[in-house]
Amino acid sequence: MRAVEFQEYGGPEVLRAVTAEVPEPGPGQVSIDVAYTGVNFADLKARAEGYRVPRLPYVPGLEVSGRIRALGAGVTGLAVGQEVAALTEGGAYAEVAVAGTTTVFPLPAGVDLRTAATLPTVLPTAYALIHTVGRLQPGETVLVQGAAGGVGTVAGRLARAAGAGAVYGVVSSAAKVAHAKEHGYDEVFVGAFQDPVRQATGGRGVDLVLDPVGGETLRAGLASLAPFGRLVSFGNAGSAEPWTVGQPELYPLGISVSGFSILTLARTAPAELRRLSEQAFAKVVDGTVSLPVTAEFPLADAAGAHRLMGTRTSTGKLLLRVHA
Ligand SMILES: NC(=O)c1ccc[n+]([C@@H]2O[C@H](COP(=O)([O-])OP(=O)(O)OC[C@H]3O[C@@H](n4cnc5c(N)ncnc54)[C@H](OP(=O)(O)O)[C@@H]3O)[C@@H](O)[C@H]2O)c1
């Protein structure tokens, strides 16, 4: 089969089209003839710095849509030929990918294969950030970093649907503001956000901050919280040292900090992730959320998708077309 792998860490140019063995599903797994693969920022971090890469060479890719090709031992409730969306542990930049059945989902009603490939990572993540972990209440205010990207686009929609009092976004360039405003954001700040947030909230700060960046941005997010506010950390896009937070930051205003990682949850609490994902997919079926595909590349040009996302000019979701 065709696949795209890297044999060393580096820029998009290290992604190489190769011929690889078709993977067979192990017990509790299925293999999938891939229609589309979703591109995630985590794929860029894997390629550039080895994020969650067990060994080289490595075929990146965390989510696919397609048709079940083969069932592993003990798999019930799924059938060969069935259309599914799936979260994978790498290996999705390929014509055939393998996934454990707890993260394989029959296509939600009314969702086609192209849309389905946008869902497995971003949608449960955004749902967890707003609801399960972030616990946004009607009337509360929320601030989302990376507001025009994959997670940010869905988070804006979900926050608005949850009855947020105001949804604020942060992006790195003015060109992304319009996209975020089309997806639930009331105000979008370009770059610096601390003073604008204070101004927009009459000095109070926001109830919930969603932070995929870390470092100084996380610190500024903490400083932007209202009394009893919550910050959810869900990434380290800025590649800063891991953050630590303690009494001096938490006590004065009774704030809290939590975290979320869909890939870790898939390992530590797969049944919880499945429940969360099903709740999240229901938001697509009922029309609350749609995630626009803003660019599509053939599998062989995965480097093109990485270049686009890596230059911080992409909005919405990027896909690789494999067998569509
Ligand atoms: N914890 C989880 O379970 C989980 C799951 C999915 C994604 N994530 C994280 O969520 C974020 C968005 O992921 P995505 O796949 O949907 O990608 P994306 O948002 O479509 O694209 C990457 C985003 O990262 C921002 N960015 C890029 N380089 C950056 C840098 N050096 N410093 C700060 N921001 C930078 C960009 O926003 P601006 O250029 O506008 O700042 C852009 O929105 C990533 O950090 C990813 O690791 C976490």
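## Ligand contacts

In this predicted model, a backbone N or O atom of Pro212 sits 3.3 Å from an oxygen atom of the ligand. At Ala237, a backbone N or O atom lies 3.4 Å from a nitrogen atom of the ligand.

Taken alone, the ligand would expose 880 Å², and the protein buries 86% of that area. There are 21 residues around the ligand, and the ones that come nearest are Ser172, Phe234, Phe260, Ile262 and Arg312.

## Nonpolar cores

The largest nonpolar core has 52 residues, and Val142 and Leu210 touch the most other members. Helix 3, which covers residues 122-132, gives the most to this core, contributing seven residues.

What does Val142 touch, leaving out residues up to four places away in sequence? Its contacts are Leu136, Ala159, Ala164, Ala166, Val167, Tyr168, Leu208 and Leu210.

## Aromatic pairs

The structure contains four aromatic pairs. One of them is Phe6 with Tyr58: the ring centres are 5.7 Å apart and the planes meet at 55°. Planes under 30 degrees apart count as stacked and planes over 60 as edge-to-face, so an angle between these limits counts as tilted. The pair of Phe6 and Tyr58 is therefore tilted.

This pair links distant parts of the chain, as its two residues are 52 residues apart. Phe6 is in the loop between strand 1 (2-5) and strand 2 (16-19), while Tyr58 is in the loop between helix 1 (41-49) and strand 4 (63-71). Both Phe6 and Tyr58 are buried. Together with Tyr9, Phe6 and Tyr58 form one aromatic cluster.

## Tyr168 and Phe189

Is the aromatic pair of Tyr168 and Phe189 stacked or tilted? The pair is stacked, with 5.8 Å from centre to centre and 25° between the planes. Tyr168 belongs to strand 9 (residues 166-171) and Phe189 to strand 10 (residues 187-190), so the pair ties together parts that are 21 residues apart in sequence.

Tyr168 and Phe189 are buried. Tyr168 is also one of the residues that Val142 touches.

Conventions:
Residues numbered from 1 in each chain as written. Predicted model: local features only at pLDDT ≥ 70, side-chain atom pairs only at ≥ 80, totals over all residues. Heavy atoms only, no water. Core = buried A, V, L, I, M, F, W, Y, C linked by side-chain atoms within 4.5 Å. Buried < 20%, exposed > 50% of the residue type's maximum accessible area, 1.4 Å probe, protein only. Helix = DSSP H or I, 4+ residues; strand = E, 2+ residues; numbered from the N terminus. Contact = heavy atoms within 4.5 Å. Near = heavy atom within 4 Å. Polar contact = N/O pair within 3.5 Å; in protein donor to acceptor, adjacent residues only side chain to side chain. Areas by Shrake-Rupley, 256 points an atom, 1.4 Å probe, with all protein chains shown as cover. Phe/Tyr/Trp six-rings, centres within 6.5 Å; stacked < 30°, edge-to-face > 60°.
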